[in-house]
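Student: Could you walk me through reading salt bridges in a structure? I'd like the general idea and then the case at hand.

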Amino acid sequence: MPDHYAVIGNPIAHSKSPLIHAAFARATGQDLDYGRILGDPDDFPGEVRRFLASGGRGLNVTVPFKEAAWALADERSQRAEIAGAVNTLIRLDDDRLRGDNTDGVGLVRDLADNHGFRFPGAQVLLLGAGGAARGVLVPLLESGLARLIIANRTPGKAQQLADLGAPFGPAQARGFDQLEGERFDLIINATSAGLSDAVPAIPEDCLASGGWTYDMLYADTPTAFRRWGQRHGAARSLDGLGMLIEQAAESFWLWRGVRPDTAAVIAMLRHPE
Ligand code: ATR
């Protein structure tokens, strides 16, 4: 019998995780199956209990259950602890559940390893202070960057995130209207503005010459923020497909102790035919 894994969320039909993990399993020769679970928003613990009772070994957790997974975990990694959210549940040998969050490491690896962005010394702007921004905070601050400015429409929330991140690296908070005169080597969009095809109201000239933009959102057509980067002369304007695959690879590693090669899977999803 193959070991059993799944992704749980609501909605879940469009999740690419089953495709990604099936490709990892094929490429590494791991004997596992990976399904999708449309979770009942009112009964996340019951859903997990049933999955474990059926022999499940680990879960990926997506919207809207990441905070519930955090609360359910018997133990958590430090990055998940600070993220306040868990996207990976690991069933330990004694049947307790360990919670981790692989989103931030997925973002940093996509930028640094897949695209060659040099974090050491970089001035980085993180847009947004909701769950998506908080989820990547610790790995970003530990990347070696020179300074992380967190900017949010509601500046108080950016300040809370900067306070949370301060023990891990150089974090500061701003409102969108407090960025005049700043120039960034990398601007990361972690807001949900793109869901309504909007971009955060940041100054037109805050991308440094040769600077990069990264939209954590991934869509089949270029997102509003990716287009913003292209319009503003970004040397690279990336979307979140690589992050999606890198966070999955880190989950796979946590479960199986094997690191899948991600390049082939990125290419497969980028050019599906
Ligand atoms: P997520 O889990 O995607 O981060 P969230 O926790 O609801 O979702 O956070 C959404 C983030 O997108 C917030 O930072 C929000 O800004 P506010 O804190 O001021 O609400 C940001 N956001 C949403 N729509 C936006 C828009 N049109 N322009 C700028 N920021 C926006």
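Student: How many salt bridges does a search of the whole structure find?

Tutor: A salt bridge is a side-chain nitrogen of Lys or Arg within 4 Å of a carboxyl oxygen of Asp or Glu. Searching the whole structure gives 19 of them. Mind that this is a predicted model, where local features need pLDDT of at least 70, side-chain atom pairs count only at pLDDT 80 or more, and totals for chains, interfaces and linings use all residues. Residues are numbered from 1 along each chain as its sequence is written, and side-chain values use heavy atoms, with hydrogens and water left out.

Student: Which residue does Arg 270 pair with, and where do the two lie?

Tutor: Arg 270 forms a salt bridge with Asp 239, with 3.1 Å between the closest N and O atoms. Arg 270 sits in helix α10 (residues 263-270) and Asp 239 in the loop between β12 (236-238) and α9, so the bridge ties together parts 31 residues apart in sequence. Helices (H or I, at least four residues) and strands (E, at least two) are DSSP runs, numbered from the N terminus.

Student: Are Glu 182 and Arg 174 buried or exposed?

Tutor: Buried means under 20% relative accessible area, exposed over 50%, and partly exposed in between (1.4 Å probe, protein chains only). Glu 182 and Arg 174 are both buried, and their salt bridge has its closest N and O atoms 2.8 Å apart. Back in the other pair, Asp 239 is buried at 5%, while Arg 270 is partly exposed at 35%.

Student: Which residues are linked in a network of salt bridges?

Tutor: Arg 79, Asp 100, Arg 109, Glu 250 and Arg 259.
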